[in-house]
There are 2 protein chains.
Amino acid sequence: MYHDTSSDEPGTPGFRSLDRLACLRMLHGRVVGRVVYTDRALPSAQPVNYVLDGDEVLFRTASTGKIAAATCGAVVAFQVDDIDPVTRTGWSVLGVGEAYEVVDPRRLAEVAALGLDSWAPLAADHVVCIPLQVLTGRELVRTPAASV
Amino acid sequence: MYHDTSSDEPGTPGFRSLDRLACLRMLHGRVVGRVVYTDRALPSAQPVNYVLDGDEVLFRTASTGKIAAATCGAVVAFQVDDIDPVTRTGWSVLGVGEAYEVVDPRRLAEVAALGLDSWAPLAADHVVCIPLQVLTGRELVRTPAASV
């Protein structure tokens, strides 16, 4: 996940872009991300547990909740990161797509087979899909400091 | 941080709201959060390292970067969470406020004294302040399952 460095001392920091495949790999390795959306004209973000299926992020939420109301049919973002405060290295990935509720029974059965359950207390009867139409990411790495 | 449970088995999940003081305490204990903003009419979120000073979140960024362009003078959100995928417990906090660039030399000196540096490679010559005008948060806790 992180850039190799031959030095124990932090060196020069640098951003490295992640291509789509690398972004998908990062998303595949995590279980919690943040839905980024607009809530009554204000920016908002809430963590959800999710599964990645191909190019789609899927999560469960309550049909009566504000995430369901704010995301379905809206362009939303999905953000995942992993930053180590000690080494000051890590990565972040941002997907953007037009979210929709999954209602097709066959697709719902597929999603259930992926093991998507909800960690939240409310009846999470709503499966939301965010197709990752735009997917960008970057790593913050440290390269060894140049010798002096 | 987490709710005590007398059972090793996951019980009934529940959300518990965090009051403003609890939210500030959570923010105080972390160093990386996400700036949530609009980038060319699309929702976006990027992790930054930050310091909390009173009711304000402060972070550094490059004046030429898109975070500086998208946040200054804009209403943005700041999101921090800590979710444990094993216990499925954790918390999330969301602040919202109108961000501005800190330009007052005295305030910049105060911010420098707080130890705010940048982990990013670019010249982070821009200090952004997000006053936490709205601050909400919640915990996802597990209460022991009722005996049967």
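Modeller: A residue is called buried when its relative accessible area is under 20%, exposed when that area is over 50%, and partly exposed in between. Asp53(B), at 26% relative accessibility, therefore counts as partly exposed. Please bear in mind that the model is a predicted one.

Asp53(B) has a charged partner: its side chain meets that of Arg107(B) in a salt bridge, with 2.9 Å from N to O. This pair links distant parts of the chain, since Arg107(B) belongs to helix H3 of chain B and Asp53(B) to strand S4 (residues 51–53) of chain B, 54 residues apart. Arg107(B) has a relative accessibility of 15%, so this arginine counts as buried, whereas Asp53(B) is partly exposed.

In chain A, a network of salt bridges links Asp53(A), Glu56(A), Arg107(A) and Glu110(A).

Other salt bridges run between the chains. Asp117(B) pairs with Arg88(A), and the closest N and O atoms are 3.1 Å apart. Asp117(B) sits in the loop between helix H3 (105–113) and strand S9 (126–131) of chain B, while Arg88(A) sits in the loop between strand S6 (75–84) and strand S7 (89–98) of chain A, so the pair joins two chains. Both partners are partly exposed: the relative accessible area is 32% for Asp117(B) and 28% for Arg88(A).

A further bridge is formed by Asp117(A) and Arg88(B), whose closest N and O atoms are 3.1 Å apart. This pair also crosses between chains, from the loop between helix H3 (105–113) and strand S9 (126–131) of chain A, which holds Asp117(A), to the loop between strand S6 (75–84) and strand S7 (89–98) of chain B, which holds Arg88(B). Asp117(A) is partly exposed, with a relative accessible area of 33%, and Arg88(B), at 26% relative accessibility, is partly exposed too. Over all chains, a search of the whole structure finds 20 salt bridges.

The cysteines can now be considered. A disulfide is a covalent bond between the sulfur atoms of two cysteines. The structure holds zero disulfides over all chains. Cys72(A), for instance, is in no disulfide, and the nearest cysteine sulfur, that of Cys129(A), is 9.9 Å away. The cut-off for a disulfide is a pair of cysteine sulfur atoms within 2.5 Å. Cys72(A) is partly exposed, with a relative accessible area of 30%, whereas Cys23(A) has 0% relative accessibility and so counts as buried.

How values were computed. Residues numbered from 1 in each chain as written. Chains lettered and ligands numbered in written order. Predicted model: local features only at pLDDT ≥ 70, side-chain atom pairs only at ≥ 80, totals over all residues. Heavy atoms only, no water. Buried < 20%, exposed > 50% of the residue type's maximum accessible area, 1.4 Å probe, protein only. Salt bridge = Lys/Arg side-chain N within 4 Å of Asp/Glu carboxyl O. Helix = DSSP H or I, 4+ residues; strand = E, 2+ residues; numbered from the N terminus.
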